[in-house]
Amino acid sequence: MTARRLTDRLGGLAFGGDHNPEQWDEQVWEEDDELMRVAGVNLATVGVFSWALLEPEEGRYDFGWLDAHLDRLHANGVAVDLATPTASPPPWFTLAHPDALPVTAEGARLVHGSRDTYCLTAPAYRAAARRIAAALAERYGDHPALALWHVHNEYATLCYCEHTAAAFRMWLRDRYGTLDALNESWGTAFWSQRYGSWEQVLPPRATQWHRNPGHTLDFSRFFSDEVVAAYREQRDAIRAHSDRPVTTNLMMPGYQNVDLWKLGREVDVVAIDHYPDRPGRSAAADAAFAADRARSFAGGRPWLLMEQGTSTVYDRGRTLAKEPGEILRHSLAHIARGSEGALFFQWRQSKAGAEQWHSAMVPHAGPDSRVFREVAATGAAVARLAALAGSVVTAEVAVLHDSDAWWGLSSDGLPSSELDYHSALRNAHRAVWDAGVVADFAHPEADLGRYRLVLAPALYLLSDAGAENLRRYVADGGTVLVQHFSGVVDDRAQARLGGYPAAPLREALGIRVEEYRPLRHGERITLSDGSHGTVWSESVRPQGAETVAAYTDGMLAGSPAITRHDFGAGHGWYLSTRLDDADYTALVARLLDTVGVGPVLPGLPPGTEAVTRVAADGRRWHFVLNHRTEPVQLPTPAHDLLTDGPVAGLPPGGCAVLNGGTSL
Ligand code: GLA
């Protein structure tokens with residue numbers, strides 16, 4: 001069961017969004033039918049937050065209204081992505097099961113009044129979630145409108161209650177077998193934390209000062225496994241009654257409560273939500289970042305952009321509007337990198353409720369609006385790309401991505417509060433994006449053989465297997481760039497002894513890091529090649545590596561800052577400071593050049609994105625997206641699928657999907 005089956009059923013790529021007809025009356029439903037036809041909507045996500053209507057009292061279901069909407073949508077040629085409503089339990093549920101409400105790390109039990117107020121480990125919640133999922137699947141499992149199942153919505157709510165404590169202890173018993181092993185792993189000899197019985201172990205609730213890093217890391221792993229288990233329960237309840245593909249929408253890239261490599265293996269099609277957090281070119285780079293992650297979590301297979309905003313860029317407390325043209329360009333940015341369509345939250349902007357100011361495909365102003373006209377134009381463009389369904393995107397560069405490293409680097413007590421995993425990952429991806437090259441993300445223990453270049457930013461935690469994998473990758477001919485404070489702890493969050501990073505990686509890099517030296521606030525150091533670093537420095541001892549650039553200031557003056565090592569058939573590079581963005585981009589561009597990886601359409605100016613999708617039969621399409629404020633000439637004129645005509649250049653903000661011939 002794959003994305004392929006979804007697009008087969010739709011007859012092309014998906015276009016549409018969350019449709020919440022329960023917020024409206026019949027007159028609006030009729031207008032919705034008409035406007036969905038105008039906009040080319042072929043997939044509507046229904047029921048995400050409908051639990052209170054579907055099950056008004058425990059065990060009493062009211063499906064009549066949903067029957068009518070599914071039939072109406074089907075008659076209108078719109079397929080349905082039917083959600084289980086479990087992200088928002090109704091008030092009766094929380095009153096009947098107060099123990100299923102989430103408790104914060106500080107011990108406050110939250111109450112209903114928003115959404116996502118549930119404890120994932122509470123038996124009553126899990127049972128209710130399974131029940132409503134099964135009831136929906138039994139009723140709609142083979143409904144002709146049904147194209148996809150959408151389990152839950154953005155699993156994310158953490159809880160520290162007694163149910164969670166009990167489940168956490170079971171997870172720990174399973175992992176460690178004995179308390180001695182747990183005590184050893186967490187290093188509980190320090191600060192008198194030794195546990196004498198399993199009952200003494202709690203979730204990492206609010207405490208006096210730094211929490212134990214082994215404890216917090218294992219809690220993150222435990223919670224992630226709980227999410228995967230909760231998803232599987234609903235998925236399996238659905239599968240008992242339905243053969244349609246099942247998914248859940250993964251959170252935006254900045255949230256890391258779940259190991260998305262694991263969850264990606266459980267869904268029939270990976271689906272993501274994406275809302276940029278900066279306007280302009282950064283939004284485009286962020287879309288590429290999110291899309292490349294989604295494709296990677298999908299194992300390279302096509303995936304689905306489940307949610308985006310028609311006019312929503314969250315920027316440090318402000319919700320900025322997308323500029324004219326961005327609804328199409330952002331949609332194509334995702335499709336270029338493997339999405340089987342472009343969906344939005346939500347179809348019609350709510351007039352009431354907590355998200356009444358959130359953008360939508362039909363804004364408050366109605367269809368006579370810039371937003372709706374751009375939506376309809378985007379729907380028409382997506383419809384012209386039906387032939388692309390099932391085609392894939394390949395990459396020759398990988399950025400390593402590991403939840404354990406992320407969680408490890410979120411520990412208390414690190415030597416700098418500016419060691420941020422997410423931004424390090426984004427910077428690495430951005431540097432590759434700026435070079436006009438597509439990157440995959442890869443797990444440190446995955447087979448990296450198909451990549452010419454691997455970037456390892458902020459890989460704080462690295463297992464023995466991961467370190468050995470990277471050593472072998474370089475020995476076999478790969479080029480790796482490992483960045484500061486990587487490989488410094490093992491998979492128990494315990495420090496590597498004898499010098500950093502982990503021994504097999506030291507061998508590949510030909511260095512030994514003897515000392516880490518965070519820089520002072522505002523300190524900016526100069527390297528011998530003229531580049532600059534901030535935040536961090538390290539005392540690096542070469543053990544076979546050559547110095548590419550040395551520190552020029554302070555106690556580290558003359559010692560290596562950037563190194564390169566010929567190892568086996570490959571090359572291990574090490575970067576021991578956080579370079580300024582422009583210098584880092586230049587270093588990554590140099591490495592791309594060294595390994596011979598360049599843009600798919602050479603000669604395009606920076607800020608022009610070009611990505612190729614390839615079908616199983618060898619047909620190729622080049623997406624060209626001009627994120628600049630100036631026009632751009634294409635290297636050679638080509639046929640554009642969006643206009644079904646020739647194209648030689650793009651205006652500012654313009655897009656084209658070029659017929660790229662056949663590569664087989
Ligand atoms: C998420 C949710 C939606 C909506 C949007 C708002 O993606 O899934 O329900 O709240 O955020 O941006």
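**Ligand contacts and helix packing**

An oxygen atom of the ligand lies 2.8 Å from an N or O atom in the side chain of Asn 153, a polar contact (a pair of N or O atoms within 3.5 Å). The model is predicted, with local features requiring pLDDT of at least 70 and side-chain atom pairs pLDDT 80 or more, while totals for chains, interfaces and linings use all residues. Residues are numbered from 1 along each chain as its sequence is written, and side-chain values use heavy atoms, without hydrogens or water.

For Tyr 314 the distance to an N or O atom is 2.6 Å. For Arg 115 it is 3.0 Å. The residues around the ligand (a heavy atom within 4 Å) also include Phe 49, Glu 154, Asp 273 and His 358.

Helix 11 (residues 281-297) packs on helix 12 (residues 326-336) at about 30 degrees, with axes 9 Å apart. Helices are DSSP runs (H or I, at least four residues). Axes are lines fitted to C-alpha atoms over the stretch in contact, and angles run from 0 to 180 degrees between N-to-C directions. Helix 11 is therefore roughly parallel to helix 12 (angles under 35 degrees). Contact (heavy atoms within 4.5 Å) involves Ala 283, Ala 284, Ala 287, Ala 290 and Ala 291 of helix 11, and His 330, Ala 333 and His 334 of helix 12.

Helix 15 (residues 421-434) and helix 18 (residues 581-595) pack at about 60 degrees, with axes 9 Å apart. Helix 15 contributes Asn 427, Ala 428, Ala 431, Val 432 and Asp 434 to the contact. Helix 18 contributes Asp 581, Tyr 584, Thr 585 and Val 588.

Definitions and conventions
Helices (H or I, at least four residues) and strands (E, at least two) are DSSP runs, numbered from the N terminus. Angles under 35 degrees count as roughly parallel, over 145 as roughly antiparallel, 65 to 115 as roughly perpendicular and the rest as oblique. A polar contact is a pair of N or O atoms within 3.5 Å; within protein, one must be able to donate a hydrogen and the other to accept it, and residues adjacent in sequence count only if both atoms are side-chain atoms.
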